[in-house]
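Please keep the sequence and the 3D view open while you read.

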Amino acid sequence: MLKNCYWKNRSFYLTRALLIALLLNLSCSDDKDFETGGQNPDTGEVPEETLYLPLIEISSSGQIVDEPKVRSTMKITEQGKVSYEGIAGIEIRGASSQMFDKKSYGLETWDNNNEDINVSLLGMPEEEDWVLHGPYSDKSLMRNKLIYDLSSDLGRYASRTRFVELIINGTYKGVYVFMEKLKRNKNRIAIEKLKPEENAGDDLTGGYILKIDKIAGSNVGSGYNSQNSFASNVPPPYAGNGEIRFLYEYPDAEEISSQQKDYIKQYVHDFETALSSDAFKDPDLGYRAYIDEESFIDFFILNEISHNVDGYRLSTFMHKDKNGKLNMGPIWDFNLAFGNADYCGGGNTDTWAYKFNERCPGDFWSVPFWWYQLLEDPYFVERLKTRWFEVRSNVLSDQAVLGRISNYEKEMQDLDAINRNFTKWDILGEWIWPNNFVGTTYEAERIYVEEWIDDRMSWLDRAIADL
């Protein structure tokens, strides 16, 4: 087997005559790193016969770094036809994921003057902000896509996604998940626009987006501070080393007015005060006056079916529309979920994700007290049970969830994308932080996810019934 040949005939659909002609001129490389995924390493050209997932090719004008975005050209090819060509700004994104060789990227679509421009990419609604998520420690390649699709099945917005393959500056980068960046937009987080001058009356009530997360590089000031966030007024049951902070996501820390800060801070504090009071179960005096409990229930279900170790305490978004209540979501960043973490019980199928800090009381980021208290209310528990067994009979049935996994694998396998990804990134059989399971083949990784989900769902059926 000519393993290191850069012409991999199994990757192409060639006529017999063309195949013979290629084999007669076949040449092999001594370089084990098959970076170009079917490209000719001498010319950088991609043979027309190669069939990819939607292929994104980016050529940057300089080195791609973590801020600022670098001007680039971008071409998207679907089923052999170019569906988009234009200018884009690209940067490396992520926090802990930046340690990996396979980077994730943030994209903005630009016009010729480097100004943001809304476009429709890969069938998604027009916008300017996009994400190229590069699964690396998630060797199934599908954890984020799976949970986002399940959220959509529940009727909760999550980023629309497509599996793609990526080439940057002539180098093949593997299988990526192209997705929408979370932001206020009628097709994303559909809340009212809040202008800086809207500081009184109904206008002041929304919309807002908050998140519980690590500090992002664009936040104002150093660390958590009053400019970029506010603190919870009720300590978590397992406080760890730090208090819970709510970051201003929209309007962001540079644009939100002092009146808007005061309003959303007071709203969340009023909710927490009501939830922690003796009257917390009262429909008028308790927490139900402040939150959309159905959104909290679906958020709980999504974090629990995946046993997300970051759930509730990191990458946790919430939003409030004008004259509306506080909603949880959209969900975000589940690459360490579905049994893909070897710490704090991350691989467990029989423990609650919201009790993370009971298993790791010293962790800096804590789960708010909200979830403990909500599960003390028989009304909330009954609503949760009803919702759980409703969705288990349809969109979260074993057949539906495992069917999605099978379809994802088929989509990638049919075009040989999985082989190309793990030829580029030779990590099967290697522990990558923080893998709980290490499979020597892609099939083993996929089977692990399927069996883990099967065990998890069975445990949740019993555990939720017993609440």
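Which residue stands opposite Glu165 in strand 6? Leu55 does. Before going on, a word on the ground rules: this is a predicted model, in which local features need pLDDT of at least 70 and side-chain atom pairs count only at pLDDT 80 or more, while totals for chains, interfaces and linings use all residues. Residues are numbered from 1 along each chain as its sequence is written, and side-chain values use heavy atoms, with hydrogens and water left out.

Helices (H or I, at least four residues) and strands (E, at least two) are DSSP runs, numbered from the N terminus. Two strands pair if DSSP finds at least two bridges between them. With that in mind, look for a closed barrel of seven strands, running 1-2-3-4-5-7-6 with mixed pairing. From one strand to the next, the twist averages 40 degrees.

Strand 6 covers residues 161–168, and seven of its eight residues are buried (buried means under 20% relative accessible area, exposed over 50%, partly exposed in between, with a 1.4 Å probe and protein chains only).

| Pair | Sense | Bridges |
|---|---|---|
| Strand 1 (residues 55–60) and strand 6 | parallel | four |
| Strand 6 and strand 7 (residues 171–180) | antiparallel | eight |

Glu165 has a bridge partner in strand 7 as well, namely Val175. Val164 stands opposite Tyr176 in strand 7. Strand 6 and strand 7 form a hairpin with two residues between them, and Asn169 in the turn has a positive phi of about 50 degrees.

Helix 9 (residues 417–424) packs on the sheet, where it touches strand 6 and strand 7. The direction of helix 9 makes about 120 degrees with that of strand 7. Axes here are lines fitted to C-alpha atoms, for helices over the stretch in contact, and angles run from 0 to 180 degrees between N-to-C directions.

Thr77 sits in strand 2 (residues 70–78). Its relative accessible area is 15%, so Thr77 is buried. Setting aside neighbours within four places in sequence, Thr77 is in contact (heavy atoms within 4.5 Å) with Leu53, Pro54, Leu55, Glu57, Val82 and Ser83.

Phe246 belongs to strand 10 (residues 245–250). Phe246 counts as buried because its relative accessibility is 0%. Beyond neighbours within four places in sequence, the contacts of Phe246 include Lys211, Ile212, Phe230, Val268, Met318 and Trp370. Tyr224 is 22 residues from Phe246 along the chain, and their C-alpha atoms are separated by 9.3 Å.

**Helix 4 and its partner**

Helix 4 (residues 293–306) has 14 residues and reaches 20 Å from its first C-alpha to its last, close to the 20 Å expected at 1.5 Å a residue (the expected span is 1.5 Å times one less than the number of residues). His307 follows helix 4 and has a positive phi, near 45 degrees.

How do helix 4 and helix 10 (residues 442–465) cross, and at what angle? Their axes come within 9 Å and cross at roughly 130 degrees. The two helices are therefore oblique to each other; angles under 35 degrees count as roughly parallel, over 145 as roughly antiparallel, 65 to 115 as roughly perpendicular and the rest as oblique. At this crossing, Glu304, Ile305 and Ser306 in helix 4 meet Trp452, Arg456, Met457 and Leu460 in helix 10.
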